[in-house]
Amino acid sequence: MHPQLSDKRFVCREFIQALDVCHTSNWKRLTGGCNQEKAALNNCLRKESIQRSNRNRAEAKERRLKTEQAWRELHEDD
């Protein structure tokens, strides 16, 4: 399984459950019968990762703008 699933239990829950159910059958798991479920989970995790990156980038930009504004205000009196 994916090590990063510990914090994704709410985001991709249905995909995780589908893969877990599929993995109960050792035959399917060993012969590639769970590949569709795993691909769907990977797609869900990829989408969540992209959304998180975009959100972090936007927050960092806001913090950077606030910091630059604070520096401008600090140096206005110079």
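E48 and R52 sit four residues apart in helix 3, about one helical turn from each other (helices are DSSP runs of H or I, at least four residues, numbered from the N terminus). Their side chains meet in a salt bridge at 2.6 Å, N to O; the term takes a side-chain nitrogen of Lys or Arg within 4 Å of a carboxyl oxygen of Asp or Glu. Keep in mind that this is a predicted model, where local features need pLDDT of at least 70, side-chain atom pairs count only at pLDDT 80 or more, and totals for chains, interfaces and linings use all residues. Residues are numbered from 1 along each chain as its sequence is written, and side-chain values use heavy atoms, with hydrogens and water left out.

**Salt bridges**
- By this rule the count is two.
- E48 is buried at 12% relative accessible area, while R52 is partly exposed at 29% (buried is under 20%, exposed over 50%, partly exposed in between, with a 1.4 Å probe and protein chains only).
- The other pair is R72 and E68, whose side chains meet at 3.8 Å, N to O.
- R72 and E68 are also four residues apart in helix 3, about one turn.
- Both ends of that pair are partly exposed: R72 at 48% and E68 at 35%.

**Nonpolar core**
- The largest core has eight residues: C12, I16, L19, C22, C34, L41, C44 and L45 (buried Ala, Val, Leu, Ile, Met, Phe, Trp, Tyr and Cys joined through side-chain atoms within 4.5 Å).
- Leaving out residues up to four places away in sequence, C44 touches V11, C12 and F15 (contact means heavy atoms within 4.5 Å).

Terms used:
Helix = DSSP H or I, 4+ residues; strand = E, 2+ residues; numbered from the N terminus.
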